[in-house]
Amino acid sequence: MMSIPYGRQHISDADIQAVAEVLQSDWLTQGPTLERFEQLVADYCGVRYAIAVSNATSALHISCLAAGMGQGDVAWTSPITFVASANCALYAGGQVDFVDIDGQTYNMSIAALKSKLIKAAQAGKLPKVVIPVHLSGQSAEMAAIYELSRKYGFTVIEDASHAIGGTYRNDKVGCCKYSDMAVFSFHPVKIVTTGEGGMVVTNRRDLYEELLLLRSHGITRDANLMTEPSHGGWYYQQISLGFNYRMTDIQAALGCSQMTKIDEFVRRRREIAAYYDEKLSDLPLQLPKQHEDTCSSYHLYIIRLKLDKIALSHKEVYDGLRKAGIMVNLHYIPVYSQPYYQKFGYQASDFPEAEAYYQEAISLPMYYDLSTEQQDYVIATLKNLLLSSCR
């Protein structure tokens, strides 16, 4: 029996050699390879500044702080995301609320966002920050979100953890044309990996300078930021309370090597998605829908079961695939339903699309090295499960 993960990294001999070269160099952390990785990502996305950090959670955290989040402030995000997209607001001392998803793209619903903003404006409780999540690699509808941010005065932080290599209106995700900051993840199951790692990108110099301080203890050696003249070549100042969220040059070396293959990684993922689309089209499923403005990088391939047309439950299909060695997953459990968040009083009835999604969604295997043979096995197993149970 095959054993097929839902996602995994692709590491080549060139990746290993790049890391080995840094291990034999004078710089293991915060050196020239880190700067090169940041520049590679900035250039790829068409953005001015990039700040590499230890993971995407820390990237979200310092992005919220750079946006001015604090006590009494609220961030809004999607309920269908990993918990870090919400936790970051709490880390910054603020609160979090959720905007229901669109039933086709599974990203933040523009209609729900508009409605919630109107009510919040009337109540004097507008968000400080909105964090749209580009689920599975497909960009949210950023132009509409940006327009609303100008009207209602909130900062936009794109959680693009899934989406490096994707495009929106022919621009690369992360160009920050419609946002103040965007965040990437380089976890092993993502499009490119640094082992663990994340990045914030922005076009704003003020945010860039603040993010640099927050990444490394609030410390600077920039004389222009110091409160008094330097005491000598050794001198630095801590001018704010920052964190140790640094990425190493070892990780950055892997990132640099991976970035040379990013277009090939994305091309292959789109090829796999197209094959799924073709072979699963006649099954009782909702396949991933692409908004006309987007071109996904396909971190995930998410199907939704049409439960009214099959005799099996959501769990039975999930368990059946896993029993066959196909390690499917579910991205994600609605954040508001987590025990930690239930104490804040969220009502599931406020998020009907997220609730429906959770009852039906399954993530099929999607990664660069997924072979046609393996994909055919996934397809055949899923077909056998669904067609044998059709009502």
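The model is predicted: local features need pLDDT of at least 70 and side-chain atom pairs count only at pLDDT 80 or more, while totals for chains, interfaces and linings use all residues. Residues are numbered from 1 along each chain as its sequence is written, and side-chain values use heavy atoms, with hydrogens and water left out.

**Helix α1**

- Asp-15, Ala-18, Val-19 and Val-22 are buried in helix α1, residues 13-23 (buried means under 20% relative accessible area, exposed over 50% and partly exposed in between, with a 1.4 Å probe and protein chains only; helices are DSSP runs of H or I, at least four residues, numbered from the N terminus).
- Viewed down the axis of α1, these buried residues fall within an arc of 95 degrees, so they line one face of the helix; the arc is that of the directions from the helix axis to the C-beta atoms.
- Among the elements covering the buried residues of α1 are α2 (32-45) and α8 (249-259), where contact means heavy atoms within 4.5 Å.

**Aromatic pairs**

- The structure holds 19 aromatic pairs (rings of Phe, Tyr and Trp, the last by its six-membered ring, with centres within 6.5 Å; planes under 30 degrees apart are stacked, over 60 edge-to-face and the rest tilted).
- Phe-344 and Tyr-346 form an edge-to-face pair, with 6.3 Å centre to centre and 65 degrees between the planes.
- Phe-344 is partly exposed at 42% relative accessibility, whereas Tyr-346 is buried at 18%.
- Ring pairs link Phe-344 and Tyr-346 into a cluster with Phe-98, Tyr-336, Tyr-340, Tyr-341 and Phe-351.

**Charges over rings**

- The charged end of Lys-172 sits over the ring of Tyr-44, 4.9 Å from its centre (NZ of Lys or CZ of Arg within 6 Å of the ring centre and within 35 degrees of the ring normal).
- Lys-116 lies over the face of Trp-76, at 5.5 Å from the ring centre.

Notes
Helices (H or I, at least four residues) and strands (E, at least two) are DSSP runs, numbered from the N terminus.
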